[in-house]
Amino acid sequence: MDNFDKGSGPTHGRPFQVALLGNPNTGKTTLFNALSGLRHRTGNYPGVTVDVRKGALKANFNGTDHDIDLLDLPGTYSLAARSPDELLAVDVVTGCFGESSRPDALVCMADASNIERSLYLFSQAVELGVPVVLALSMVDLAAKQGIKVDTLKLSERLGLAVIAVNATKGAGLRELKAAIMEAALGKVAPNAQMLPEAVKSTQAELAKAWNCHPGFVLRALVDEGGEAEKRLTAQKGATAVAELHAARQKLTTQHQIALPVLEPRCRYPWIRKQVAGTVERSQNNQKGFTEKADRWLVHPFWGTGIFLLIMLFFFQAIFVLAKPVMEWLGELTDGLASWVGGQLGPGPFNSLVCEGVIPGVGAVLVFLPQILILFAFMGVLEDCGYMARAAFLMDRLMARCGLSGKAFIPLLSSLGCAVPGILSTRVIENRRDRLAAIVVAPLMSCSARLPVYVLLTGAFLSQTWWLPGLTLFGLYMIGFVVAPLVAWTLKSTLLAGEKPIFMLEMPPFRVPAVKVVARRMVEAAWEFLARAGTLILASMVVVWALLHYPSTTPDGKYWPEVIEEAKGEDRLVLLEQWKSNTILARVSRSLDPLWAPVGWDWRIGAAALASFPAREVVVASLGIVFGQDPEWEETAVGEESEKRLASRLQEAKRADGSRLFTIPTALSLLVFVALCCQCVSTLAVMARETRSWKWPAFTFAYMTTLAYLGAILVFQVGTMLEGWIRP
Amino acid sequence: MTSQQPPFAVEKSLDKWPLQIQGEIVSVEGTDSVACRLLEMGILEGEPIRILGYAPLGDPMEIRLRDFQLSLRLSEAQRVTVRPAPLPVD
């Protein structure tokens, strides 16, 4: 026996594994952040689509420091699993992901102001055969509501440590860490009896017969039609299923036990017994602030009005607040391009940097302010508790097209960018509902489409004062109309199934924590910058190369130099000669039959092709193809450069001398951009979130098809109408 | 079952009560997983309940239980029988 085992983990020489379990909205994430600091990584579990964070910390117990790996399990109300994600806690505890990640102790988080319901999950956790520590949050809030928890008495009664914590203030953290170590080293699992003896013995028998962990067996036995039963069917086959049904039959007929409701019917009486005498309630007839606020906020009339006002403010904020910063960033990019252009000598590298990399990445970076505002706003709404109200107000409307009310916010944030939108679908527990929301999220017009909208609307659809606004509105409406239709189609075909139950806790209102909101903003900004630095940069380099080479004239001169020497109109003619022979142009020209029905020529086709990795690239590609060198004209900075590109587009001619961009052509390109999934990041996030390439592939296919068909429809109908108006 | 009965003895499913009614849960119907979900969330016999509001178009509804507020659709609320109770929910 070695008692001088300092600093390291348990006998098998690894850090102690501790899992954190708790209801949503109990401050679990705050506790996790407070315990593990900033160092955490995302755990990856096969078959699970939620992020599980892992953090490392040191805990002092009896003068010795121990290493702990803390695992933040997704917030849940019960271990009864209706989806693979919800079985995660059971899987981790039962060693499904290997013995090395099997926890030495569980920390169960309970909300003191809502003690009985939050002890439900705890009552399931204490039966898993692992030492448990109970952490109590919101003790101050509970006291304000007249609820007093005697932690010492409760701890004595439960036979395990009960620690009151306030993670924001750091109170109780040291005690909690010590209690965790005491539990993990003591290796004593709580001994609680709640379920009837018949169920216990059946559980033990089946565990032996199937060679399974009893914790998993209980889930398979009790949750009829749940995830554990599905997995049992898949892994152990028909005999196990027959045994399961026989066992359930026996419990129902011989012992009169109604299975799915057995657990709450047994656990709540146990909870009440534990709480009696340890939790004191003073009679308090006051309606709380949250309830008073909800009289207005969820009122069918006032609530809807307030909701619409908040949303209006949200959009205004995104556009108005971000505008000056975006303009400044835009000017900075242009300035940088021309400065670098002056520093570098002429040649392909100059062209790559000034026409490809800087404008391409710059065009993406200008959206950083929008992303920051979007996430600040979402963070505040979520942390103060309003998000649940928004889902409540929108549920009926969303349910009509087969989505959950909880899908509203993800779709709304997809108007900023589909990537955070898809990430925020994690709040939807039902897998089919979540998939439907993920698949339609990229149909919402994201902010990356806006520059194309503005460019083409400004150039071709601003003959009267009301036309540009109407066009922009119509383009956004395409998403609002098509997304529900696609969702409805999916939910009645591929994702058909029974309507999931919608039960949403309406958390109490509170002042949002600056730390939480700031953290979300920083994380989002990093993800976005990483994307601009990698994917957009790479695709701009590729697009530039494909539109630059071959870069020599038939008599062996370098094209940009030839154009530089030419004068006035000749430059454009020469530019077209050069560009029409580049690699991407050749590809695009070979696809001419594809462009004819939508009214495009090879140049528009090339820009559309180039923007498949990231639609932000489309404006920059149009710039490369139609010629937009800032050196050519002196006035070319900021907004001016956009106007210049617009006038280039207006002047562009087809081979037969007619104008390239008619109104139907511009509209067909706009509709194409509105509907097409030109965003590799969205597809990558989709693959990560669904843990499969099937859904991104499907989304890409259906959106591209829709976009092409939509473009054909608009061009053909538009040309027909134009013929009638101007015969 | 008739109108002669005093009002506090009337039992109706949760979706049929007007706003702000104070009540007590009498029963939760069913033994399936939907009933299990309702019970897990603390919608239990004997618990105090108050109806806080209905969303636009009348569905879902928001209720207050002893310690927290919850929204659920009428299709699930149908399974919960409530009778008015003199005791207020705190």
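In this predicted model, the residues A:L683, A:M686, A:A687 and A:T690 of helix α30(A) meet A:W695, A:P696, A:T699 and A:F700 of helix α31(A). Of the residues that form this contact, 6 are nonpolar and 2 are polar, while no charged residue takes part. Two packed helices are described by the angle between their axes and by the distance between those axes. Here, the axes of α30 (residues 680–690) and α31 (residues 694–725), both of chain A, come within 7 Å and cross at roughly 145°.

The division of chain A into domains comes next. Chain A is divided into domain 1 (16–186), domain 2 (197–256) and domain 3 (662–727). The centres of domain 2 and domain 3 of chain A, taken over C-alpha atoms, are separated by 50 Å.

A sheet built from both chains can now be considered. This open sheet has 7 strands with antiparallel pairing, in the order β10(A)-β5(B)-β4(B)-β3(B)-β2(B)-β6(B)-β1(B). At its edges stand β10 of chain A and β1 (12–13) of chain B; each has a single partner strand, so one side of each is left without a neighbour in the sheet. Within the sheet, strands β3 (residues 48–54) and β4 (residues 61–64) of chain B run antiparallel and are joined by 4 bridges. B:G53 has B:E62, in β4(B), as its bridge partner.

Helices of chain A lie against this sheet. Helix α11(A) packs on the sheet and touches β10 of chain A together with β3, β4 and β5 (69–72) of chain B, its direction making about 30° with that of β3(B). Helix α15 (residues 386–400) of chain A lies across β10 of chain A together with β4 and β5 of chain B, and runs at about 140° to β10(A).

Helix α11 (residues 289–297) of chain A contains A:F289. Is A:F289 buried or exposed? A:F289 counts as exposed because it has 11 C-beta neighbours inside 10 Å, and a residue with 12 or fewer is classed in this way. Between A:F289 and A:F661 lie 372 residues in sequence and 59 Å in space, C-alpha to C-alpha.

Helix α1 (residues 33–40) of chain B is mostly covered, with 8 of its 8 residues buried. Among them are B:V34, B:C36, B:R37 and B:E40. The buried residues of α1(B) pack against α3 (115–125), α10 (262–275) and β10 (503–506) of chain A, and also against β2 (22–28), α2 (74–77) and β6 (80–84) of chain B. Just after α1(B), B:G42 takes a positive phi of about 95°.

Definitions and conventions
Residues numbered from 1 in each chain as written. Chains lettered and ligands numbered in written order. Predicted model: local features only at pLDDT ≥ 70, side-chain atom pairs only at ≥ 80, totals over all residues. Axes fitted to C-alpha atoms, helices over the stretch in contact; angles between N-to-C directions. Helix = DSSP H or I, 4+ residues; strand = E, 2+ residues; numbered from the N terminus. Contact = placed C-beta atoms within 7 Å. Nonpolar A, V, L, I, M, F, W, Y, C, P; charged D, E, K, R; others polar. Buried ≥ 20, exposed ≤ 12 C-beta atoms within 10 Å, placed from the backbone. Domains from an automatic or database assignment. Pairing = 2+ DSSP bridges.
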